[in-house]
Amino acid sequence: MLLKEKNLKWLSLFTTVLMLFVQIGGALVTKTGSADGCGSSWPLCHGKFVPTHIPKETLIELAHRGVSGLALLSVTWLVILSIKYIGHKKETKFLCYMSIGFIFAQALIGAAAVMWQQNGFVLALHFGISLISFSAVFLLTLLIFEVDQKFDATKLILQPKLRRHTIGLTSFIYFVIYSGALVRHEKASLACSSWPLCRKGAFILPQNFYEWVQMSHRTLAFILFIWLTYVAFHAMRNYAQYRVIKYGYMIAFILICLQVTTGALTIFTAVNLYIALLHALFITLLFGLLCYFILLISRAK
């Protein structure tokens with residue numbers, strides 16, 4: 001039994017890291033313009049299992065499809081074993097259904113994007129849906145490792161104020177993430193040449209659709225930064241006796257600062273690829289952390 005539990009832990013870790021690569025890989029495909037790297041063929045590439053000519057865009061798209069396919073298999077196996085071995089935990093089945101359901105939805109939207117060339121508003125859902133699947137797998141991994149027990153999560157006493165703010169933040173950040181994905185898919189990353197204003201020294205409304213997309217995302221991100229900063233300092237000041245809350249919100253504050261910094265650097269570096277990928281990584285980790293706080297809320301008194 002101990003060997004089986006150990007194997008389940010390794011599988012959950014592998015699957016979580018794999019899902020993280022899926023997230024970053026999706027951002028890489030978009031940022032490098034590799035979405036059409038295989039033409040309109042899916043699951044084949046240019047109508048072939050292995051195309052004869054493989055430029056950089058095709059290689060990136062093929063790699064993303066390969067990692068996504070492996071993640072689908074890994075999530076499926078993780079779900080089967082989790083229900084078998086930790087199905088008695090109340091959150092297990094819900095997280096399993098979320099993991100498998102959203103990764104299949106992600107695959108279907110990805111295939112539809114290739115075959116039918118969806119518009120930016122639909123494509124932006126792709127990142128958000130895969131993010132939910134990642135978060136569900138991440139929480140499932142924490143359950144398998146019984147992290148909540150290590151932090152005495154069942155002994156937490158959380159006031160309604162922190163509960164409301166945490167749920168509100170988790171819901172709001174999803175809209176911020178969608179707006180950021182929309183910036184990428186509508187190719188509006190450099191619609192504004194300055195930061196934080198769209199035009200240097202000019203406080204004026206956006207002048208076209210792309211500027212509206214860019215500035216809408218910045219506005220939502222600014223609200224998120226202020227809100228999360230307030231909640232983080234509130235949590236660190238009033239719940240210092242709970243390590244998971246104190247250090248968890250400290251990490252959340254660091255992640256939002258890194259997110260804002262890489263967002264600004266994206267403009268200053270004319271969308272440097274590595275900066276853009278870090279931008280996607282930080283928001284993925286932050287969303288997963290906020291989802292863990294929701295799990296804690298469900299178990300706290």
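Predicted model: local features only at pLDDT ≥ 70, side-chain atom pairs only at ≥ 80, totals over all residues.
Visitor: How far apart are the closest N and O atoms of R299 and E91?
Guide: A salt bridge is a side-chain nitrogen of Lys or Arg within 4 Å of a carboxyl oxygen of Asp or Glu. R299 forms one with E91, and the closest N and O atoms are separated by 2.6 Å.

Visitor: Which parts of the chain does that pair link?
Guide: Helices here are DSSP runs (H or I, at least four residues), numbered from the N terminus. The two residues are 208 residues apart, in distant parts of the chain. R299 belongs to helix α9, and E91 to the loop between α2 and α3.

Visitor: What distance separates the end C-alpha atoms of α9?
Guide: The expected span of a helix is 1.5 Å times one less than its number of residues. For the 27 residues of α9 (residues 273-299) that should give 39 Å, and the model agrees, because its end C-alpha atoms are 40 Å apart.

Visitor: How many of the residues of α9 are buried?
Guide: Helix α9 is mostly covered. Of its 27 residues, the buried ones number 20.

Visitor: Is R199 buried or partly exposed, and what is its relative accessible area?
Guide: R199 forms a salt bridge with E211, their closest N and O atoms being 2.8 Å apart. R199 lies in the loop between α6 and α7 and E211 in helix α7, so the pair ties together parts 12 residues apart in sequence. E211 is buried, at 4% relative accessible area. R199, by its own value, is partly exposed, at 29%.

Visitor: Which residues is S74 in contact with, leaving aside neighbours within four places in sequence?
Guide: S74 sits in helix α2 (residues 56-86), and it counts as buried because its relative accessibility is 7%. Contact means heavy atoms within 4.5 Å. With those neighbours set aside, the partners of S74 are L11, F14, T15 and L18.

Visitor: Which helix has the lowest mean pLDDT?
Guide: pLDDT is the predictor's confidence in each residue, from 0 to 100. The chain averages 88, and among its elements helix α7 has the highest mean, 95. The lowest, 64, belongs to helix α5.

Definitions and conventions. Residues numbered from 1 in each chain as written. Heavy atoms only, no water. Buried < 20%, exposed > 50% of the residue type's maximum accessible area, 1.4 Å probe, protein only.
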